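The sequence and structure are shown below.

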Amino acid sequence: MKKIVCMVGTCYTLFSCKPPIYSYVPPTMNTTAYSRAGEGQLGVLFGSPGIAAKGGLALTKNISVNAWAGTLPSGENDDYGSREAEFSLGIQTNPNRNNGVTSFYLGMSSGSNEKNKMGLEGDFTRSFLQIQRSAIDKRLGSFRLDGVFGLRINYFSYKGFKGDEPFNDHRWYYEPYFGLNVGGKNVRFELLQGFAFKNTGEWNQGVRIFPLFGHIGMLVKIRKNQSIN
């Protein structure tokens, strides 16, 4: 429990601090993987996206639709603000005997942000491919656990103004990540942490991306068949 409290505190501290040299703070991500067709998942998150909600539905045992939306209001003591929403189509393998699956998500997001100290304001889109390995509904004593790790590859397009000058940019950036959900059969505490980086030699060019992202939150699984192994 002490380790979890420390991780939560670290996550909160990191994402409450956004140095002025960065012009875009990556949102967190939807890492849902499903144990069966018809399963739905809903969650609420706090972290790099500010406050956010996510959800998804397994249309079949291999195909899902997923969505995420969040907002980070700019306040008096923090001049960075953003709004972003994404949609993705997920394809996953059949769970093996150890409840492990490999998932692929193809999606698109759009949003806007501002950073007053830089005079930056604009709109953006982000298309992505997310590759993930998950362990679903693993036993941890009397608890249940989902574990995930993966990589998201993003193509980011920004159009706006920096001061009085147009500020437009198009960049690839990459996000390795890991996370876990732990709790009861259907309601679980969620923690995710990841890193963001652009291509070598492009760090100081165009949109500068904050190198960390993550969230803490709560996840609810909605199952057609409530029994799990």
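## Strand pairing

Two strands are said to pair if DSSP finds at least two bridges between them, and the strands themselves (E, at least two residues) are DSSP runs numbered from the N terminus. The model is a predicted one, in which local features need pLDDT of at least 70 and side-chain atom pairs count only at pLDDT 80 or more, while totals for chains, interfaces and linings use all residues. Residues are numbered from 1 along each chain as its sequence is written, and side-chain values use heavy atoms, with hydrogens and water left out.

Strand β5 (residues 100–115) runs antiparallel to strand β4 (residues 80–92), to which it is joined by 13 bridges, and E84 stands opposite G111 of β5 in this pairing. Strand β6 (residues 120–140) is also antiparallel to β5, with 16 bridges between them, and here M108 stands opposite S127 of β6. The hairpin of β5 and β6 has four residues between the strands, and G119 takes a positive phi near 65° in that hairpin.

Strand β1 (residues 40–47) takes part in two pairings of its own, one with strand β2 (residues 50–58), antiparallel over eight bridges, and another with β11, likewise antiparallel and with eight bridges. L45 stands opposite A52 in the β2 pairing, where β1 and β2 form a hairpin with two residues between them, whereas G47 stands opposite H215 in β11.

F104 is placed in strand β5. Its relative accessibility is 38%, so F104 counts as partly exposed, a class that lies between buried (under 20% relative accessible area) and exposed (over 50%), computed with a 1.4 Å probe on protein chains only. Leaving aside residues up to four places away in sequence, F104 touches L89, G90, I91, Q130 and I131, a contact being heavy atoms within 4.5 Å.

## Aromatic groups

There are twelve aromatic pairs in the structure, where rings of Phe, Tyr and Trp (its six-membered ring) pair if their centres lie within 6.5 Å. Y24, F124, F156, Y158, F167 and Y173 together form one aromatic cluster. R152 lies over the face of F128 at 5.3 Å from the ring centre, the criterion being NZ of Lys or CZ of Arg within 6 Å of the ring centre and within 35 degrees of the ring normal.

## Cavities

β6, β7 (143–162) and β11 (212–222) each supply at least two lining residues, with the largest share, three residues, coming from β6.

## Positive phi angles

Most residues other than glycine have a negative phi. N99, in the loop between β4 and β5, has a positive phi near 60°, and D137, in strand β6, has one of about 55°. N99 is partly exposed, with a relative accessible area of 24%, whereas D137 counts as buried because its relative accessibility is 5%.

Key
Rings of Phe, Tyr and Trp (its six-membered ring) pair if their centres lie within 6.5 Å; planes under 30 degrees apart count as stacked, over 60 as edge-to-face and the rest as tilted.
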